[in-house]
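My entries follow the display.

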Amino acid sequence: AALVGTVTSRIVGRRAWGPTALVAGVVLCSPAIDGDRTAGELLATVPSAISMALLAAVALRDRRTRDGATSTRQIVFSRGWLLVFAGMAAASAPLVKQSALDAGVAASVWFAWRLWDERGLQHGTRRVFADVGRFAFGAAVAVGATLALAVRAGSQPRDLAYALIGFRVDVLEALTTGAGKSPTERIGRLLDPALGSGLLLVALVAVVGLALTPRMR
């Protein structure tokens, strides 16, 4: 919840931290989405949120640089290292839960938007690809270290590949072959948890808030 508040405060200002963290904390604790249990999805949100908080910090630093704003705070890590750490955190999330691709998707969207936004700037495209490389390097370090430690502990590469990817493919294949309920019925089952946790209400309010927010520079 604190990390979600940090992401928002980096984007729209410090005053947004409290309300955002409060709403996130309430939703995350809801039994309707197994918030009262140690679910893999809940654990995986932590590295995902860390990654997005670091990406938001880089975006904020870039905006201040463009605006010519100076900060009196000491810079502990350069933006390059922040991107490396963001990549490490983003890759750690699916190592906890294979479906935790939130940070990777967010980073992809951000990099794609920057390619379009900075296309006319001098060395803009080169700068974006350099940042993508830093992010990918961090992800590779996290995945490589995890695999190396697993192999050292006695796991076979074939077993690791199945544990991380293979069984997920088998599950998707079983779902698409009509085993159990249809995809429409499965999606419909998500409506009750979304209502019970308040997540659906938050999503609707967020859309209204975005529509009412004045256009930023």
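I took helices as DSSP runs of H or I with at least four residues, and strands as runs of E with at least two, numbered from the N terminus. The model is predicted, so I kept local features only at pLDDT of at least 70 and side-chain atom pairs only at pLDDT 80 or more, while totals for chains, interfaces and linings use all residues. Residues are numbered from 1 along each chain as its sequence is written, and side-chain values use heavy atoms, without hydrogens and water.

Entry on D131. I found D131 in helix α6, residues 124–152. D131 is buried at 0% relative accessible area (buried is under 20%, exposed over 50%, partly exposed in between; 1.4 Å probe, protein chains only). Setting aside residues up to four places away in sequence, I listed R79, L83, F111 and R114 as its contacts (heavy atoms within 4.5 Å).

Entry on α4 and α5. I looked up α4 (residues 79–96) and α5 (residues 102–117): their axes come within 9 Å and cross at roughly 140°. Axes are lines fitted to C-alpha atoms, for helices over the stretch in contact, with angles from 0 to 180 degrees between N-to-C directions. The pair is therefore oblique (under 35 degrees is roughly parallel, over 145 roughly antiparallel, 65 to 115 roughly perpendicular, the rest oblique). From α4, R79, L83 and A90 meet A103, G104, W110, F111 and R114 of α5.

Entry on C29. I located C29 in the loop between α2 (17–28) and α3 (40–67). C29 is exposed, at 55% relative accessibility. Beyond its neighbours within four places in sequence, C29 contacts G35 and D36.
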